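These are my notebook entries on a structure that I looked up. I kept each entry brief and in whole sentences.

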Number of protein chains: 2
Amino acid sequence: MKRFDLPTPGFSFELHATLGHARAGVLHTPHGSIETPVFMPVGTAGTVKAMTADELRAPPLDAKIILGNTYHLYLRPGLEVIEAAGGLHKFAAWDRAILTDSGGFQVFSLAALGEIDDDGVTFRSHLDGSKHRLTPEVSMNIQRVLGSDIAMCFDQCPPGDAAADVHEVALARTTAWARRCRDAPRATGQALFGIVQGGVDTARRRRHMAEITAMDFDGHALGGLAVGEAIEETYRVLDEVAHELPAERPRYLMGVGTPQDLTRAIAAGIDMFDCVMPTRNARNGYLFTSGQRVNISNHAHRADFGPIDETCPCATCGTHSRAYLRHLFQAKEILYARLATLHNLTFYARHVRQIRERILADGQPA
Amino acid sequence: MKRFDLPTPGFSFELHATLGHARAGVLHTPHGSIETPVFMPVGTAGTVKAMTADELRAPPLDAKIILGNTYHLYLRPGLEVIEAAGGLHKFAAWDRAILTDSGGFQVFSLAALGEIDDDGVTFRSHLDGSKHRLTPEVSMNIQRVLGSDIAMCFDQCPPGDAAADVHEVALARTTAWARRCRDAPRATGQALFGIVQGGVDTARRRRHMAEITAMDFDGHALGGLAVGEAIEETYRVLDEVAHELPAERPRYLMGVGTPQDLTRAIAAGIDMFDCVMPTRNARNGYLFTSGQRVNISNHAHRADFGPIDETCPCATCGTHSRAYLRHLFQAKEILYARLATLHNLTFYARHVRQIRERILADGQPA
């Protein structure tokens, strides 16, 4: 086992085993230790949709870290409220680790964009059209107030099909903004991850990676993947560059993906993931299983009194039938979203844990 | 303590104390014993909205009996599904007592009415407009398949402002239908309650009460109250007639009401209640407290980090602030409905239990 102290006090990263490029490790934070690879449930607006903290903490789900969205929390309830509460952990009554994104991705995907310039982004709220400005310093200040354990650099993420010159401008900005984020005040015990952009051109990615990894961040993320490009392209970039990220720091693939994507990315050397897929799919009727994915609205489940997945240890599968879940889904009952979300998050947690156990069992001790 | 065996095997009713007309008792059913007075959470479509069975069972809420709606469950998921599941207890994974209504009230309030005749009601589903017919025998058959512990007679409930001749026709039908319900097959261990109608004319109520109480039902309900008449009229009728219902059987006031209504009705001699008020109000932002009722959307709660109610032992009040709940409500988060429902149901459960304790402490042993 190798242990690496990360630049921010209170954080360290242990490598326990490797299998090819895949790694099994532990990330220590001031709000607990996180076995990696890890899938982080997304808690957009201060709640992982439909779930309580107790449910997230209870085995077999046992989430050690969740995501919070800077853009959403900044707009609602607003910084004043979260500052008065004493930060996001206290506001949401979540005592384990939190990672916050920078708000950049939501500004580019959700907000009505006014303008991007070298200093930052002016945008209009998707809630009420009000005008706001996000810069590296503003994003870092919001994340400081949120008090997340891991903050992310404010970056510019171009679409998958962006032209080369668009990428070059975005890369230059992302590097300059990363430096400004690094130099901005942070909360005590708050780590900061840098983000590598560059699209699917691996030469460009490597060039940006060199710029970002030179800044001594606590961890490194790959951004701008699975943003519209073909999945084979995503996998190719991961296979080529993920393992080139510094081995002694955690590696995070942002916003990805399916269980299959996670398997591939872990094999390529990634340690951390987040995605709305398990939670959003659950609410829309799509349930992950060890076999075929289940569309719970299908008539075939109408009188199917078996669980979603015979092999799943979650409370939903232990208690309720597909027929009952289908009924709740058809009747638009809130209980459906709860039971389905618990199941899908448990599926993701187990999926990643099973891969981790395989790395530990079949790999080389680090 | 007086113990009365009810006509249906497996059911008995104990009177422990009385205070004026108010009674503290225990209703024993095949799915557990229920301290009365009791408030029964409404589980319209096979789920008390937003709640799991575990949450309903956990103290301090500790619900011993919930309601199921015959009309809703008949239309969706349909009888075939519930029959294949082995009844509503198994379908919904609820192992405590269930009371089902007859479907009559929903047919009159939700469905597009074709025609009422002396044999039953033809109506169109509010879901898809399909045509259905409900008669006393059909209602009893649905309730037999649902397998509730307590079935209710199929009755006709006229609006609060109905003319005298409308009431007279409805009364005659309700009596004839009660007889047909009594003579219809029931599930093993399924009790049947009769329903007394008659509006706010107490002479008419007493006349109908004599007809219904002569049929040896396991319990008696007052229907057709709080259906549009002034609340003083409701209270007057309760004060005059509730205590005249047979003392050795449970007395149930259907679909009522506010905490104040419950206090008044218990004083008048009522033992059982159901109402969507705590659950529906919760979802709409109205929270009951030992002081003023809280409208959680009020700006005043924006940065109020105290609980909904300092004196409330529910998990919501133990964990979360008004500010967090307001944020979840504004953001239309599912978690809001869960936390608010748990609180309001706990408030109702405690309200009724506190009255029961007062009857036991200050009343006469029965």
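**Entry 1: polar contacts between the chains.** I counted the residue pairs in polar contact between chain A and chain B and found twelve, with both residues of a pair at pLDDT 80 or more. I note here that the model is a predicted one.

I then asked which elements give two or more residues to the side of chain A that touches chain B. They are α3 (79-85), α4 (88-92), α13 (322-330) and α14 (334-362) of chain A. Of these, α13(A) gives the most, with five residues.

**Entry 2: salt bridges.** How many salt bridges does the rule find across the interface of chain A and chain B? It finds six. One that I looked up joins the side chains of Glu80(A) and Arg302(B), at 3.7 Å from N to O.

**Entry 3: extent of the interface.** I recalled that the size of an interface is often given as the accessible area lost when the parts come together. For chain A and chain B, the buried area is about 3000 Å², and carbon and sulfur atoms give 62% of this. In chain A, the residues that lose the most area to chain B are His327(A), Ile334(A) and Arg338(A), which together make up 19% of what that side buries. I also recorded the residues that take part in the contact: 34 from chain A and 34 from chain B.

**Entry 4: the nonpolar cores.** I turned next to the largest nonpolar core, which has 90 residues. Which of them touch the most other members? They are Leu56(A), Leu222(A), Leu238(A) and Leu253(A). The largest share of this core comes from α14(A), with nine residues.

Another core, of 89 residues, lies apart from the largest one, and I noted Leu328(A), Leu61(B), Ala265(B) and Phe273(B) among its residues.

**Entry 5: Gln106(A).** I located Gln106(A) in helix α5 of chain A, which covers residues 104-109. Is Gln106(A) buried or exposed? Its relative accessible area is 11%, and buried means under 20%, so Gln106(A) counts as buried. Not counting residues up to four places away in sequence, I found that Gln106(A) touches Asn69(A), Tyr71(A), His72(A), Asp101(A) and Ala111(A).

Notes
Residues are numbered from 1 along each chain as its sequence is written. Chains are lettered from A and ligands numbered from 1 in the order in which they are written. This is a predicted model: local features need pLDDT of at least 70, side-chain atom pairs count only at pLDDT 80 or more; totals for chains, interfaces and linings use all residues. Side-chain values use heavy atoms; hydrogens and water are left out. Contact means heavy atoms within 4.5 Å. Buried area is the accessible area (1.4 Å probe) that two parts lose on being put together, summed over both. A salt bridge is a side-chain nitrogen of Lys or Arg within 4 Å of a carboxyl oxygen of Asp or Glu. A polar contact is a pair of N or O atoms within 3.5 Å; within protein, one must be able to donate a hydrogen and the other to accept it, and residues adjacent in sequence count only if both atoms are side-chain atoms. Helices (H or I, at least four residues) and strands (E, at least two) are DSSP runs, numbered from the N terminus. Buried means under 20% relative accessible area, exposed over 50%, partly exposed in between (1.4 Å probe, protein chains only). A nonpolar core is a set of buried Ala, Val, Leu, Ile, Met, Phe, Trp, Tyr and Cys residues joined through side-chain atoms within 4.5 Å.
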